[in-house]
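Dear colleague,

I am passing on to you the structure shown here, and after it you will find what came out of going through it.

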Amino acid sequence: MSENRRELETGIHVELHKGGTYGDYLHLDELLAAQRPVTTVHDEMLFIIQHHTSELWIKLLLHELDCAATLVRADRLGESFKIFARVAHVQRMLFEQWAVLETMTPSEYAQFRDALGKASGFQSYQYRALEFILGNKDANALKPHRHDPRIHAELAARLAAPSLYDEFLGWLARHGHAVPADRLARDFTQPYESSAGVLDVVRAIYADPARHYDAYDMCEKLVDVEERFQLWRFRHMTAVKRIIGFAAGTGGSSGVGFLKKALDLTFFPELWEVRTLIASPGKS
């Protein structure tokens, strides 16, 4: 009778040297040493890993969306479409992670919540960078980072840079669409405001998708990104409500009430407004 085991193949490398292993390549010693609970409460490890993995996925989102913006700026719109397919899967991972955190009950969280002090997800500089590349610009969001000159400078640069949507509007203008000049040359530190002129452009694209297919496809990809982002926001708010109810957040916010207000924010307003015009053409 054979033993219930799998023999190592002779070609598998087992004589390894420091610096050339799987763990070395991924710097696993550093990565796995970063989970440092400050209490002995069992569920604090879950809380830390949830936020560490979220930050890693957000890092990848920034990597991909920055690349997409660069491609659009370089008139390589079609090449950015593959990136949006990956972005969709990363956003799904971020969304699904809330289910893991929701296995922690209010009683379990209360055992270590005080140890967080004033620390809060609102202070995530990567999340702020993500909102900036998507167009939710707010100079006040830099205030929690004034203590760190490097991070503050990075976020200030992102605040002043065109968002992904701004880059797309530039692409539309370069390809013959009548995007208003005030949408192309504006103060990018300010939140984007809906434009009747841009809405006319988007409406023309949706009226003849075959003629403007690349632009049409990009519009839908951006809507996909925003919809998934809003679902992530909603799931975040629901997870917070499930765990702490309507208590104030550790960072000083009102908690659920503050998170709920974010659901009213939009990145690409004309891409949503055009749907009403298409569905109710007589009310334009």
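**An exposed valine and its surroundings**

V14 counts as exposed because its relative accessibility is 54%, where exposed means over 50% relative accessible area, buried under 20% and partly exposed in between (1.4 Å probe, protein chains only). The model is a predicted one, in which local features need pLDDT of at least 70 and side-chain atom pairs count only at pLDDT 80 or more, while totals for chains, interfaces and linings use all residues. Residues are numbered from 1 along each chain as its sequence is written, and side-chain values use heavy atoms, with hydrogens and water left out.

V14 lies in the segment before α1 (22-26), helices being DSSP runs of H or I with at least four residues, and strands runs of E with at least two, numbered from the N terminus.

As for the protein as a whole, its secondary structure consists of 13 helices and zero strands, and its C-alpha atoms fill a box of roughly 75 × 55 × 45 Å along the principal axes. Of the 284 residues in the protein, 38% are buried. Among contacts (heavy atoms within 4.5 Å) with a separation of 6 or more, 70% are between residues 24 or more positions apart.

Best regards
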